[in-house]
Amino acid sequence: MLDNLNWWEIGALLLLALLIFGDRLPAVITDGLRMVRNLRNMARNATGDLSRELGTDIQLEDLHPKAFIRKHLLSEEDEAAIRKPLQGVYDDLRADVSGVHKDLKDVADAADLRSNGTRPGTATGTPSAPAPRVSYDDAT
(Lines give C-alpha, C1' and ligand atoms only; values in the text may rest on other atoms or scores of the structure.)
Protein backbone atom coordinates (compact mmCIF):
# COMPACT_ATOMS: atom_id res chain seq x y z
CA MET A 1 0.00 0.00 0.00
CA LEU A 2 2.83 2.37 0.80
CA ASP A 3 5.20 1.10 -1.89
CA ASN A 4 5.59 4.46 -3.60
CA LEU A 5 6.41 6.42 -0.43
CA ASN A 6 9.97 6.83 0.78
CA TRP A 7 11.02 7.18 4.42
CA TRP A 8 11.01 10.98 4.34
CA GLU A 9 7.42 11.10 3.11
CA ILE A 10 6.28 8.57 5.72
CA GLY A 11 8.02 10.60 8.42
CA ALA A 12 6.39 13.79 7.17
CA LEU A 13 2.96 12.10 7.24
CA LEU A 14 3.54 10.87 10.79
CA LEU A 15 4.65 14.35 11.87
CA LEU A 16 1.58 15.88 10.21
CA ALA A 17 -0.67 13.34 11.96
CA LEU A 18 0.98 14.16 15.28
CA LEU A 19 0.44 17.88 14.72
CA ILE A 20 -3.21 17.44 13.71
CA PHE A 21 -4.32 14.90 16.31
CA GLY A 22 -1.80 15.66 19.09
CA ASP A 23 -2.53 13.69 22.26
CA ARG A 24 -5.46 11.89 20.62
CA LEU A 25 -3.20 10.17 18.02
CA PRO A 26 -3.03 6.77 19.84
CA ALA A 27 -6.82 6.74 20.20
CA VAL A 28 -7.27 7.63 16.50
CA ILE A 29 -4.88 4.82 15.46
CA THR A 30 -6.71 2.35 17.71
CA ASP A 31 -10.07 3.37 16.27
CA GLY A 32 -8.76 3.07 12.70
CA LEU A 33 -7.35 -0.41 13.33
CA ARG A 34 -10.62 -1.48 14.99
CA MET A 35 -12.57 -0.24 11.94
CA VAL A 36 -10.32 -2.19 9.54
CA ARG A 37 -10.68 -5.31 11.71
CA ASN A 38 -14.49 -4.94 11.72
CA LEU A 39 -14.57 -4.49 7.92
CA ARG A 40 -12.54 -7.67 7.46
CA ASN A 41 -14.88 -9.60 9.77
CA MET A 42 -17.93 -8.27 7.91
CA ALA A 43 -16.45 -9.38 4.56
CA ARG A 44 -15.61 -12.81 5.98
CA ASN A 45 -19.13 -13.19 7.37
CA ALA A 46 -20.71 -12.10 4.08
CA THR A 47 -18.67 -14.59 2.06
CA GLY A 48 -19.44 -17.31 4.60
CA ASP A 49 -23.17 -16.59 4.40
CA LEU A 50 -23.07 -16.53 0.61
CA SER A 51 -21.13 -19.81 0.51
CA ARG A 52 -23.64 -21.43 2.84
CA GLU A 53 -26.62 -20.17 0.78
CA LEU A 54 -25.18 -21.24 -2.59
CA GLY A 55 -23.68 -24.48 -1.33
CA THR A 56 -20.26 -23.75 -2.81
CA ASP A 57 -16.98 -22.48 -1.44
CA ILE A 58 -16.65 -18.77 -2.20
CA GLN A 59 -13.59 -16.65 -1.49
CA LEU A 60 -13.54 -12.86 -1.31
CA GLU A 61 -11.85 -12.68 -4.74
CA ASP A 62 -14.71 -14.69 -6.24
CA LEU A 63 -17.17 -11.88 -5.58
CA HIS A 64 -16.07 -10.02 -8.71
CA PRO A 65 -19.00 -10.53 -11.13
CA LYS A 66 -16.93 -12.02 -13.97
CA ALA A 67 -15.06 -14.40 -11.70
CA PHE A 68 -18.30 -15.37 -9.92
CA ILE A 69 -20.10 -16.22 -13.16
CA ARG A 70 -17.11 -18.07 -14.57
CA LYS A 71 -16.54 -20.16 -11.45
CA HIS A 72 -20.03 -20.85 -10.13
CA LEU A 73 -22.61 -20.46 -12.86
CA LEU A 74 -20.92 -21.67 -16.05
CA SER A 75 -19.76 -25.18 -16.61
CA GLU A 76 -16.60 -25.85 -18.62
CA GLU A 77 -18.73 -26.81 -21.64
CA ASP A 78 -20.68 -23.55 -21.44
CA GLU A 79 -17.50 -21.52 -21.22
CA ALA A 80 -16.03 -23.38 -24.20
CA ALA A 81 -19.24 -22.77 -26.19
CA ILE A 82 -19.05 -19.05 -25.43
CA ARG A 83 -15.37 -18.85 -26.38
CA LYS A 84 -15.65 -20.91 -29.58
CA PRO A 85 -17.02 -18.18 -31.91
CA LEU A 86 -14.54 -15.65 -30.60
CA GLN A 87 -11.54 -17.97 -30.78
CA GLY A 88 -11.51 -17.93 -34.61
CA VAL A 89 -11.67 -14.14 -34.67
CA TYR A 90 -8.87 -14.00 -32.09
CA ASP A 91 -6.69 -16.39 -34.11
CA ASP A 92 -7.26 -14.39 -37.33
CA LEU A 93 -6.48 -11.13 -35.58
CA ARG A 94 -3.34 -12.58 -34.02
CA ALA A 95 -2.15 -13.84 -37.43
CA ASP A 96 -2.80 -10.43 -39.01
CA VAL A 97 -0.95 -8.61 -36.25
CA SER A 98 2.02 -10.97 -36.45
CA GLY A 99 2.08 -10.49 -40.24
CA VAL A 100 2.07 -6.71 -39.86
CA HIS A 101 4.79 -6.99 -37.22
CA LYS A 102 6.91 -9.10 -39.58
CA ASP A 103 6.39 -6.64 -42.44
CA LEU A 104 7.32 -3.69 -40.24
CA LYS A 105 10.42 -5.50 -39.05
CA ASP A 106 11.42 -6.23 -42.66
CA VAL A 107 10.96 -2.57 -43.59
CA ALA A 108 12.94 -1.45 -40.54
CA ASP A 109 15.75 -3.87 -41.39
CA ALA A 110 15.82 -2.65 -45.01
CA ALA A 111 15.88 0.99 -43.88
CA ASP A 112 18.59 0.45 -41.28
CA LEU A 113 21.77 1.62 -42.96
CA ARG A 114 24.00 0.46 -40.14
CA SER A 115 23.11 -3.17 -40.72
CA ASN A 116 24.54 -2.97 -44.27
CA GLY A 117 27.81 -1.54 -42.99
CA THR A 118 27.97 1.00 -45.84
CA ARG A 119 26.38 4.31 -46.59
CA PRO A 120 24.72 5.09 -49.89
CA GLY A 121 27.19 6.59 -52.32
CA THR A 122 30.26 5.23 -50.54
CA ALA A 123 29.99 1.78 -52.08
CA THR A 124 31.24 3.15 -55.42
CA GLY A 125 33.94 5.22 -53.76
CA THR A 126 32.39 8.59 -54.61
CA PRO A 127 30.85 10.55 -51.82
CA SER A 128 27.27 11.44 -52.38
CA ALA A 129 26.03 14.99 -52.12
CA PRO A 130 23.69 15.65 -49.25
CA ALA A 131 20.05 15.59 -50.23
CA PRO A 132 18.48 19.04 -50.49
CA ARG A 133 16.22 19.89 -47.58
CA VAL A 134 12.63 20.55 -48.49
CA SER A 135 10.94 23.23 -46.45
CA TYR A 136 7.30 24.03 -46.00
CA ASP A 137 7.76 27.27 -47.94
CA ASP A 138 8.97 25.37 -51.02
CA ALA A 139 5.88 23.18 -51.00
CA THR A 140 3.41 26.07 -50.86
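How far apart are the end C-alpha atoms of helix 1, and what span should its 15 residues have at 1.5 Å a residue? In this predicted model, the end C-alpha atoms of helix 1 are 21 Å apart, which agrees with the 21 Å that its 15 residues should span.

The protein has five helices and zero strands, and from the N terminus on its elements follow the order α-α-α-α-α. Of the 140 residues in the protein, 4% are buried. Among contacts with a separation of 6 or more, residues 24 or more positions apart account for 0%. The protein exposes about 12,900 Å², and carbon and sulfur atoms supply 61% of that area.

Helix 1 comprises residues 7–21.

A nonpolar patch on the surface is formed by Leu13, Leu16, Ile20, Phe21 and Val28. Together these residues have about 420 Å² of accessible area. Helix 1 gives the most to the patch, with four residues, while Val28 is found in helix 2, which covers residues 25–54. Val28 has a relative accessibility of 32% and therefore counts as partly exposed, a value above the 30% that membership of such a patch requires.

Helix 2 has 30 residues. From its first C-alpha to its last, helix 2 reaches 44 Å, close to the 44 Å expected at 1.5 Å a residue. Just after helix 2, Gly55 takes a positive phi of about 80°.

For Thr47, which is found in helix 2, the relative accessibility is 9%. Thr47 counts as buried because this value is under 20%. The side chain of Thr47 also has a polar atom 2.9 Å from the backbone oxygen of Arg44.

The structure holds three salt bridges. In one of them, the side chains of Arg34 and Asp31 meet at 3.1 Å, N to O. These two residues are three apart in helix 2, which means that about one helical turn separates Arg34 from Asp31. An α-helix has 3.6 residues a turn, so residues three or four places apart point the same way. Both partners are partly exposed: the relative accessible area is 42% for Arg34 and 44% for Asp31.

A further salt bridge joins the side chains of Asp49 and Arg52, with an N to O distance of 2.3 Å. Asp49 and Arg52 both lie in helix 2, three residues apart, or about one turn of the helix. Asp49 is partly exposed, with a relative accessible area of 38%, whereas Arg52 counts as exposed at 61% relative accessibility. The class assigned to Arg52 follows from the cut-off, because exposed residues are those over 50%.

The salt bridge between Lys102 and Asp106 has its closest N and O atoms 3.3 Å apart. Lys102 and Asp106 belong to helix 4, which consists of residues 76–111. Within helix 4 the two residues are four apart, so the separation between them is about one helical turn. Asp106 has a relative accessibility of 38% and counts as partly exposed.

Conventions:
Residues are numbered from 1 along each chain as its sequence is written. This is a predicted model: local features need pLDDT of at least 70, side-chain atom pairs count only at pLDDT 80 or more; totals for chains, interfaces and linings use all residues. Side-chain values use heavy atoms; hydrogens and water are left out. Buried means under 20% relative accessible area, exposed over 50%, partly exposed in between (1.4 Å probe, protein chains only). Contact means heavy atoms within 4.5 Å. Accessible areas come from the Shrake-Rupley method with a 1.4 Å probe; for residues, only the protein chains shown count as cover. Patches are made of residues with over 30% relative accessible area and no salt bridge: like charges are joined within 9 Å, nonpolar side chains (Val, Leu, Ile, Met, Phe, Trp, Tyr) within 5 Å. A salt bridge is a side-chain nitrogen of Lys or Arg within 4 Å of a carboxyl oxygen of Asp or Glu. The expected span of a helix is 1.5 Å times one less than its number of residues. A polar contact is a pair of N or O atoms within 3.5 Å; within protein, one must be able to donate a hydrogen and the other to accept it, and residues adjacent in sequence count only if both atoms are side-chain atoms.
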